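Colleague: I have a model open on my screen and would like to learn how to read it. Could you take me through it feature by feature?

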Amino acid sequence: MSLHLFNTYSRALEEFRPLEPDGRKVSMYTCGPTVYSHAHIGNFRAYVFEDLLQRHLEFRGYEVERVMNITDVDDKTIRGSLAAGVPLSEFTAPFKRAFFEDLETLRIKPAGAYPEATDGGHIRAMIAMIAKLISRGLAYQAEDKSVYYRIKNFPEYGRLAHFDLSELRSSGRIKSDEYDKEHVGDFALWKAWDEADGAVRWESPWGPGRPGWHIECSAMSTQLLGGQIDIHCGGVDNIFPHHEAEIAQTEGCTGQKFVRYWLHCAHLQVEGQKMSKSLGNFHTLRDLLAKGYSGREIRFALIRVHYRAPLNFTWEGMEEARQALTRIDGWLERFREAAASAPHETGSSPQAGGEGFGDALDEDLNISAALGFLFETIRETNRLLDQGSLGQQTAAAWLAWWQRIDTVLALTSSGDEIPAGVLQVAEERREARLAKDWRKSDELRDQIAALGWEARDGKDGQKITKRGGL
Ligand code: AMP
Ligand code: ZN
């Protein structure tokens, strides 16, 4: 079976064929965070989906070269640094650090490169690209000294978003308070410096200023992955104008098709609305960790719905994720035991697994079907074990199968991670202590101890550690 992906550009499922002639190398560009605050779990839905895609491509034998940009200069970062009274790089540094920690918590594979927009080499590449666009009549400097893309000279503009831009294509210049551009849809490539930018400025042939957000991705993807790439991803809100602008910029410079497959994930929602900073309806990863959920529980909660379907964030959903992992953990424990001590089997080497999991993901990452296959497998093999008709070798074969599919899921409990079952008891104990029910609290402490963990109470609440550990 071959891999099919839904391409936003054609709005169709297409067989995946990478650019490389031998067909094993895949280049992938993923739009990264703007580091003016902690990313929320809506953002991480996009990054977890991209991780699932990368891991499945690798499962299928591709070698993935992935790049993710870090936007460390824009209106929000500048505003934040001015408000905090520190230089821009000092303001963004802790958010960059936190972002990398969060990626690790969610078991997202590191990208090959994380280019930063403020890097001098990348700024030069952006300036070179803008100069080329101007020389081709695709960009111009306006009276406000900023440089804009001239969308009317790029007939493909609007193809990705399937927008009819004719309404936007009004004639004549449009004045606004802020700037003077030829067309309302023209977007900034270079933003002329003004006082609100403080010390943030780079020299350019058009005077001091800073790059626009869109040119960042065009320049960095071209520099690091070349003018043509296989896959470009983001959330659906990136389609327009950001990715549309990237196409106009890159193809305007190279004259070649920029991206073969555009993939976009639907939003993580809260009560029917996009989770976002501006609506204030967001949770950061750290908020959820503080509530006692582990990184892999949050990973599971974000991964379990097909990437093109909206996913509603609910606390019940978090509990379901916890239960699903408890089920997987329990199954693995049983099968590890069986692989060590179940009756020895004779005869031909045992078969386990089959292709159901990978085949489901080949269909545009159909994770619901893949997980359905996994949980059906767990049910069925548990039944066989109960009946005594599954022996040592078969158990080992199922474990090997799990290890293979877990290169995609990344959900195996690492020994030092507090198991979901223990966390559940710890949560009950926290509530008992809040209610000053000391007897129940002590009982639950014993339960935690029986599970091999220890609850210690400090001024920040209880800490759960491995028994005998620190
Ligand atoms: P931003 O920092 O807003 O540019 O977003 C970074 C990435 O997260 C982009 O790929 C967005 O499309 C994506 N994103 C933002 N909000 C959500 C959401 N609620 N659900 C899924 N993806 C999102
Ligand atoms: Zn981008």
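Modeller: Gladly; let us start with ligand 1, which has 15 residues around it, the closest being G235, D237, N238, L268 and M275. A residue belongs to such a shell if one of its heavy atoms lies within 4 Å of the molecule. Please keep in mind that this is a predicted model, where local features need pLDDT of at least 70, side-chain atom pairs count only at pLDDT 80 or more, and totals for chains, interfaces and linings use all residues. Residues are numbered from 1 along each chain as its sequence is written, chains are lettered from A and ligands numbered from 1 in the order in which they are written, and side-chain values use heavy atoms, with hydrogens and water left out.

Colleague: Which polar atoms of the protein lie by the nitrogen and oxygen atoms of ligand 1?

Modeller: Look for polar contacts, meaning pairs of N or O atoms within 3.5 Å; within protein, one must be able to donate a hydrogen and the other to accept it, and residues adjacent in sequence count only if both atoms are side-chain atoms. Here a backbone N or O atom of G42 sits 3.1 Å from a nitrogen atom of ligand 1. The side chain of N238 places an N or O atom 2.9 Å from an oxygen atom of the ligand, and a polar backbone atom of L268 is 2.8 Å from a ligand nitrogen.

Colleague: How much of the accessible area of ligand 1 does the protein cover?

Modeller: Accessible areas come from the Shrake-Rupley method with a 1.4 Å probe, and for residues only the protein chains shown count as cover. On its own ligand 1 has 490 Å² of accessible area, and the protein covers 90% of that. The elements giving two or more residues to its shell are α1 and β11 (229-235), with α1 supplying the largest share, 4 residues. Helices (H or I, at least four residues) and strands (E, at least two) are DSSP runs, numbered from the N terminus.

Colleague: Now the metal. Which atoms coordinate the zinc ion, ligand 2?

Modeller: Donors are N, O and S atoms within 2.8 Å of the metal (3.2 Å for Na, K and Ca), and water is not among the atoms, so sites may look incomplete. For this zinc ion they are C31 (SG), C217 (SG), H242 (NE2) and E246 (OE), at 2.0 to 2.7 Å. Along the chain their spacing reads C-x185-C-x24-H-x3-E. C31 is in the loop between β3 (25-30) and α1 (41-59) while E246 is in helix α6 (residues 239-254), so this pair ties together parts that are 215 residues apart in sequence.

Colleague: What geometry does the zinc site have?

Modeller: Four donors count as tetrahedral if all angles lie between 85 and 135 degrees; four count as square planar and six as octahedral if opposite donors are over 155 degrees apart and all others between 65 and 115; anything else is irregular. With angles of 73 to 134° among the 4 donor atoms, this site is irregular.

Colleague: Are C31 and E246 buried or exposed?

Modeller: Buried means under 20% relative accessible area, exposed over 50%, and partly exposed in between (1.4 Å probe, protein chains only). Both C31 and E246 are buried. Helix α6 is largely enclosed by the rest of the structure, because 13 of its 16 residues are buried. After α6 comes G255, with a positive phi near 70°.

Colleague: What surrounds R150?

Modeller: Contact means heavy atoms within 4.5 Å. R150 lies in the loop between β6 and β7 (174-175) and is buried, at a relative accessible area of 16%. Leaving aside neighbours within four places in sequence, R150 is in contact with G137, L138, A139, Y140, E182 and D186. The side chains of R150 and E182 are joined by a polar contact of 2.8 Å.

Colleague: And where are V147 and K109?

Modeller: V147 is in strand β6 (residues 147-149) and counts as buried, at 0% relative accessibility. Beyond four places in sequence, its contacts include I130, F187 and W206. K109 belongs to the loop between α3 (88-105) and α4 (120-135); at 29% relative accessibility, K109 is partly exposed. Among the residues that K109 contacts beyond four places in sequence are D51, E58 and Y114.

Colleague: How does the protein look as a whole?

Modeller: The secondary structure comes to 14 helices and 17 strands, and buried residues make up 51% of the 470 residues. Along its principal axes the C-alpha trace spans about 80 × 55 × 35 Å.
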